[in-house]
Amino acid sequence: MATRNMIAVDGNEAAASVAHRLSEVIAIYPITPSSNMGEFSDEWSAQGRKNIWGIVPDVVEMQSEGGAAGAVHGALQAGALTTTFTASQGLLLMIPNMYKIAGELTPFTMHVAARTVASHALSIFGDHSDVMACRQIGFALLSSGSVQEAHDLALVAHAATLEARVPFLHFFDGFRTSHEVRKIEMLEDEDLRFMMRDDLVAAHRQRALTPDKPVLRGTAQNPDVFFQAREACNRFYLDCPAIVEKTMARLGERTGRTYKLFDYVGHPQAERVIVLMGSGAEVAHETVDHLVAQGEKVGILKVRLVRPFSVKHFAAALPGTVRAIAVLDRTKEPGSVGEPLYLDVVAAVREAREAGQSTLAVDPIVVGGRYGLSSKDFSPAQVKAVFDELVRREGPRNHFTVGIVDDVTHTSIPVDPDFDIDSEDRVRAVFFGLGADGTVGANKNSIKIIGEETENDAQGYFVYDSKKSGAVTISHLRFGPGPIRSSYLIKKAGFVACHQFGFLERYDMLEYAVPGGTFLLNSPFPKDEVWKNLPRKVQEQVVEKKLKVYAIDAYDVAEKTGMGGRINSIMQTCFFAISGVLPREEAITQIKKAIEKTYGKKGAEVVKRNFASVDATLENLHEVPIGSPTGSIQMRPTVAAAAPDFVKRVQAVIIEGKGDLLPVSAFPVDGTWPTGTAQWEKRAIALDIPVWDDKICIQCNKCAFVCPHAAIRAKVYDPADLGNAPATFKSCDFKGAEFKGKKYTIQVAPEDCTGCNLCVMVCPAKDKANPKHKAIDMAPMPPLREAEAANYEFFLGLPEPKREEVKLDLKGTQFLTPLFEYSGACAGCGETPYIKLMTQLFGDRVLIANATGCSSIYGANLPTTPYTQDRNGRGPAWANSLFEDNAEFGLGMRLALDQHMEQAVALVNGLGGRLGDNLVKGLLEADQSAEAGIAAQRGRVLALKQALEKIPGAESQRLLLLADYLVKKNVWILGGDGWAYDIGYGGLDHVLSMKRDVNVLILDTEVYSNTGGQASKATPIGASAKFASAGKEVGKKDIGLMAMAYRHVYVAHVAFGAKDVQTVKAFQEAESYDGPSLIIAYSHCIAHGYDMAYGAEQQKLAVDSGVWPLYRYDPRRVAQGQPPLILDSGDPKISARQYMRNETRFRMVEKIDPERFKRLALMAEKNTKQNVAVYKQMAGITVPQVSDAEAEAEPATAKK
Amino acid sequence: MDLSTTYLGLKLTHPLMPGASPLVDDLDTVRKLEDAGAAAITMHSVFEEQISREQVASFVHTESHGQSFAEALTYFPSPEAFHLGPQEYLEHLRKVKQAVSVPVIGSLNGYTTGGWLEYAKLIQDAGADALELNVFSLGTNPQESGAQMELRTVQMVQAVRKAVRIPVAVKLSPYYTSLAHFATKLDEAGADGLVLFNRFYQPDIDVEELQVRRQIHLSSSAELPLRLVWLAMLSPKVKASLACTGGVHTAIDVVQSVMAGAHAIQLVSSLLKRGPSHIATLRQELAQWLEEHEYHSLRQAQGSMNLEACPDPQVYSRANYMLVLQSWRDSH
């Protein structure tokens, strides 16, 4: 038998490791939380790693999961061993093909990181709603509950499907298992070979479609035969459970880990049993071990083979003593009798009894309950609560929920919050860090060190933020004698680390600390000043719990050792030094080994600096003397006192990280949330913020324009309004003619700024005597915070100019209030300035359909939304449907608006005389092409409503409801390139083909940004991306040209950093065009790999090199005898390489293979020059006018 | 005509070769240079500081986004072959070495003591026949004296010399207070060759945008005299072989350089202007000139006009300066 390695990996890697080695074709599409399985496979194939038959699997990324499923189906039909990875919506998109694959009895295994299907809200987290939507297809469903199981059962699935000819869906819990890092025993290639039977592989090949032995599959059948033919597969489903059982046994012989179809754990004479599957079963297992040791007669039944459900095996697995069964489902099926596993068990208990297979002495009580939706933490206390419920005096409740408080329909059962069995003999550590400081990466290394270098078991789970900038991470680490089955968050930790001093006033971290525990703090203060700078509450907790406190100024150490803001190695060294998990010297050696492994190939300099930071750590780590808890620093209020009630009651609780405590009644019943809420979440994450010098400022407003977070703003106002200005509020005379005599201010929102530097970089105004100093410079935030916050509040209170008085040029747009502010997008995001501009121009009358992706996440990930309202309470109305359907979703909005408008017009006409001719004429003939016209129409609608109040009758009432639709409304369809170029292209194309007034904005980052940098059809030639790591071979799809081919679509290609005025013009033209408009907006992105402060500069280089030409195609110009296409950028001024070489995505290719890069870059140069030449020619083409008579005339040749 | 010469111990059929420049970026151009008869190929410099900075920038600006957000633990693929070290340079050097049969001279601009040594070894291991150390750094640190700077360089050359087997040349700038002394020290430190002189990017002030930009102009023959002076000065004083670079455009420029003491001539601007074939042209014109002037070999002319051999050595030295000053005074 092979010697097996112990490795620390996550569930995705564990499953993919087997799948990759057992497949020839892998067709995927990225979706959280399964994306990594595809990425691992791609990476391994790119490295030339072979499957057990000596072939490198072919990994292809498709345009959607539907596409991936199609490719999989084809590969299977042609006889290849094939796999795919997916989750949630992606799995749903595969269902049609899955029916076919099953119907054709095809051996196939897919791996699913089970994830919530979007309903009232999207959730990327784990539950079984996706997998349970597949239970009727005819796939075998095999469930894993831990990382080791995901590894082992992946193999069982691949092996069993070949024999059973039933396709397998192997699943494990998204995030809880897919992203949990655990120490496992790795299956070696020899193990895989042992399990895979060559004759069965050959049989699969024999069934392949081939012209050498032609057959036909996929016939259409009719009422006479379909039914019988469908029943012909039954034998295979009847045989399948035994095959799986046999395969599991074979694996057991080989590895010593034996699985059964239903694994019973607990007291042999258990009276109460919980039936469940997935990672929850691990939690229940740990709890049952504890309870049985206490003498309780309880047990659990872990369901592994969910389909085909074997009643016989189920019945045999249950102890005969069972009197009550609780079935826990990690999904919700509203309106059903019960959730699926519950229904299965109810039916199975009855069938077993009727078939004489049951061993139960009594007919048991069976109840069902829901737990853990969307990765809601499932704890031993909840397991205990379920067991307690089974012996409730009044009898157990059925269809209960556990883990929440349902104060509306009272389904929830009580949970004892103090019940905790997390083992004391383990190291339990919780780390609060920033995404950017490297905490998670360091902790993953620690798990590898401890897991792979010691006898200890090791587990890590990571909780991430809903924001992309200033994102907080919480790492939960357990080390100790194994096995660790605790698939739940740590509640009590002996070691709590705070890697950011600022968190102290925002988060209650010491709630986690056990009495006598250790608290490690990254503190900017020397050890003797740490205590007095702690908030009072923290001091009290330290004293009360008798905690030991250690502090280090990690940023100082990082600074001195050239580590920038990365304090990961420093804090990791502190952890090992204090926790004593390993002897110090050994720990440092191992940390350095890990650093070498992580950064070795990326740079000797980086390794050197990390080493230096590790070496400098211990001398800077100090125990903090504990004083008396009498400090004056208070925790900051989560939201301001002025916040609305709902924000205070609900959203503030979520912001504090205590959303788990909110009961059902706190929530809207249908997923509808208020807008205007990001303003209450003052995160104060910037280290430096811009400071304005009014003496130098030329009042161009470019800083406000580029700000991705609407955190620097411009305003003109009356001098008299300055009366109550705070002392440090800056103001100067407005320099332009349009607001002569007014005052002007550029104001920063210090607590909303992310410190991205974009505004400073675009500021053109330099101090002539000292050009280093600009009208905007960055300065440290903390000393400015309070004063600037007061200034900002005053600024917001200043009256705004009337929209109709603002000239809508670049500068003017920045006097319009952004109705998109303080988003959680990455610092320096290249997408959000476009959205913000759109809301400034049209936000008071816009409906937004937003494709899933970055823009839907920073747009609407709880707790708050950046979309907000103007002073009249108007603002963007926003909704996200799916990833793939966004164009159609937006079109639907347009259709509804047009219907409402049409009805309103009809009703106005109908009521005619009673409303007065002037009002009717005014309403129906209103010119709403500009702000003044819209303001006038709003006035008329107000008059109409007043008039209608006095007119009795149903028609008047109907019109009252519809009257507002007489004011122009826009539909904007937003999304990224993954949506527009790939998964949603069919729908987008269709919507563009219709002559409906919708505006499409593609935020083109040229890569799947939200899911982590997978290639899309927008990825340019020569760029490296996941699934194109060697550099994309072909140029990006020219989606603009494709849209122009319709001839009735307005198309603009813009890049705000290159030519902001053109961007502004394009948005206005798109909106004014009465038909479909498409704006393709260059959006720099962290996935391009450079400092986002240079985002606007890179945009300029993209345009200057011709890589991203600027143009506007306006069909209206045809009728004017002008070329419809205007090219707004000139001939290339620099080479494409000059642009490309600044970005990691291109540099990577050059570094890996300079010759290939040279070839691709040359092709990029050619493409660029050809494109510019083609556009230039097009910009010279006028479309000839053809009169009706000319059009109707017979061609000259026909006349003959 | 026998144009053969020995540079860095390498026996060359003639002294003409491309100098460190982007000319060698492209393998086709490298082949063209060899076809045109280049006696050796000098690689462009690998800059340790640039590599370190790119590593750190990637660490700070790219890596820092990973492990931050649940949906995207990374934003880039992590191909095995992706190294942010000098591998790209070394790989190119290997390819150049494979592509040509003439000697290939690697070139290095180090930044730290460790870096000079490590990179020098890597360049040797990648197959370079010799190594040129591009030692230019501006003395911007007011705390460091000229002597300290020079000592640092000398020690570095000593260390590199010890660490590698291949010959080592040092490419200098003319900006030393006592170049003769410094060059002698380098000679003693074991430098096998001295390359005179480096040319640098020059700052250009954009008066509209108030920005400083970098620029580099191609050389002209007007820059040659400075090289001639120092070739002539050092030629009799040092054991190291000498290369002239910067300002050689015509056959006469070549003859002058050789007469002043150059063993090798590195061409950049003239090749960028006229293409690789200019090497062949110069070689032919050089041979022709020597023949017309009845030289039997290049070696006969080598150093014939250096400080020791030339008929009027004072013209090279201070007298020249004094005469100029006197004439200036006379005119006022």
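Good morning. I begin with chain A, where helix 11 (residues 279-293) lies across strand 9, strand 10 (272-276), strand 11 (298-303), strand 13 (324-329) and strand 14, running at about 160 degrees to strand 11 of chain A. This is a predicted model, in which local features need pLDDT of at least 70 and side-chain atom pairs count only at pLDDT 80 or more, while totals for chains, interfaces and linings use all residues. Residues are numbered from 1 along each chain as its sequence is written, and chains are lettered from A and ligands numbered from 1 in the order in which they are written.

Some terms first. Helices (H or I, at least four residues) and strands (E, at least two) are DSSP runs, numbered from the N terminus. Axes are lines fitted to C-alpha atoms, for helices over the stretch in contact, and angles run from 0 to 180 degrees between N-to-C directions. Two residues are in contact if their C-beta atoms, placed from the backbone, lie within 7 Å.

**The six-stranded sheet of chain A**

In which order do the six strands of the open sheet stand? The order is 9-11-10-13-14-15 in chain A, and the pairing is mixed; two strands pair if DSSP finds at least two bridges between them. Strand 9 (262-266) and strand 15 (400-402) of chain A each have a single partner strand and stand at the edges, so one side of each is left without a neighbour in the sheet. On average, neighbouring strands of this sheet are turned by 25 degrees against each other, direction ignored.

Helix 14 (residues 380-390) of chain A lies across strand 10, strand 11, strand 13, strand 14 and strand 15, and runs at about 140 degrees to strand 13 of chain A.

The loop between helix 13 (340-355) and strand 14 (365-371) of chain A holds A:Gly356. Is A:Gly356 buried or exposed? A:Gly356 is exposed, with 7 other C-beta atoms within 10 Å; a residue is buried if 20 or more other C-beta atoms lie within 10 Å of its own, exposed if 12 or fewer, and partly exposed in between, with C-beta atoms placed from the backbone.

**The three-stranded sheet of chain A**

A further open sheet of chain A has three strands in the order 24-26-25, with antiparallel pairing. Its edge strands, strand 24 (712-717) and strand 25 (732-733) of chain A, each pair on one side only. Strand 24 of chain A runs antiparallel to strand 26 (residues 743-748) of chain A, and six bridges join them. A:Val716 stands opposite A:Tyr744 in strand 26 of chain A. Across strand 24 and strand 26 of chain A lies helix 25 (residues 782-797), at about 130 degrees to strand 26 of chain A.

**Chain B**

Chain B has twelve helices and twelve strands. Its radius of gyration is 22 Å, close to the 20 Å that the globule rule gives for 332 residues, so chain B is as compact as a globular protein of that length; the radius is taken over C-alpha atoms, and the rule is 2.2 Å times the number of residues to the power 0.38. The C-alpha trace of chain B spans about 80 × 50 × 45 Å along its principal axes. Of the 332 residues in chain B, 46% are buried.

Five of the five residues of strand 6 (residues 130-134) of chain B are buried, so this strand is largely enclosed by the rest of the structure. B:Ala130, B:Glu132 and B:Asn134 point one way, and B:Leu131 and B:Leu133 the other way. Strand 6 of chain B pairs in the parallel sense with strand 5 (residues 104-109) of chain B over four bridges, and B:Leu131 is the bridge partner of B:Gly106. Four bridges also join strand 6 of chain B to strand 7 (residues 168-172) of chain B, again parallel, and B:Asn134 has B:Lys171 as its bridge partner.

**The contact between the chains**

Finally, the contact takes 46 residues from chain A and 34 residues from chain B. Helix 40 of chain A gives the most to the chain A side, with five residues.
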